[in-house]
Amino acid sequence: MKDLILTIVKPLVDHPDSVSVDLDEGTNGLTYKLSVHPEDMGKVIGKQGRVAKSIRTVVYAAAGSSQQKKIFLEIVE
């Protein structure tokens, strides 16, 4: 899942080297924390959050119902 997120996000940003994804395992699910360069934050979020919503849709669809835990994608600074 981490590779999928990186594959989607890296072409969108100007600083692909500073893109990182961390996994946080909680009691209610798996949270993938995406961090990008501060200048690229607007490109990842998009107007009215459309790009972020699209990325989340693809990640959630790829996880499907095969996962035992719920998947979350959080964009952090």
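User: How many salt bridges are there in this predicted model?
Analyst: The count comes to 2 salt bridges.

User: What makes Asp14 and Lys43 a salt bridge?
Analyst: Their closest N and O atoms are 2.3 Å apart, and the cut-off is within 4 Å, so the pair qualifies. Asp14 sits in the loop between H1 and strand S1 (20-25) while Lys43 is in helix H2, so the pair ties together parts that are 29 residues apart in sequence.

User: And why is Lys33 with Asp24 called a salt bridge?
Analyst: Here the closest N and O atoms are 3.9 Å apart. The limit is within 4 Å, so this pair counts too.

User: Why is Asp14 called exposed?
Analyst: Its relative accessible area is 54%, and exposed means over 50%, so Asp14 gets that label.

User: What makes Lys43 partly exposed?
Analyst: Lys43 has 35% relative accessibility. Buried would be under 20% and exposed over 50%, so Lys43 falls in between.

User: How do you know that the buried residues of H3 line one face?
Analyst: Those residues are Ala52, Ile55, Val59 and Ala63. Looking down the axis of H3, they fall within an arc of 70 degrees, so they line one face of the helix. Their cover includes helix H1 (2-9), helix H2 (41-45) and strand S3 (71-76). On the other side, Arg50, Lys53 and Ala61 are exposed.

How values were computed
Residues are numbered from 1 along each chain as its sequence is written. This is a predicted model: local features need pLDDT of at least 70, side-chain atom pairs count only at pLDDT 80 or more; totals for chains, interfaces and linings use all residues. Side-chain values use heavy atoms; hydrogens and water are left out. Buried means under 20% relative accessible area, exposed over 50%, partly exposed in between (1.4 Å probe, protein chains only). Helices (H or I, at least four residues) and strands (E, at least two) are DSSP runs, numbered from the N terminus. The arc is that of the directions from the helix axis to the C-beta atoms. Contact means heavy atoms within 4.5 Å. A salt bridge is a side-chain nitrogen of Lys or Arg within 4 Å of a carboxyl oxygen of Asp or Glu.
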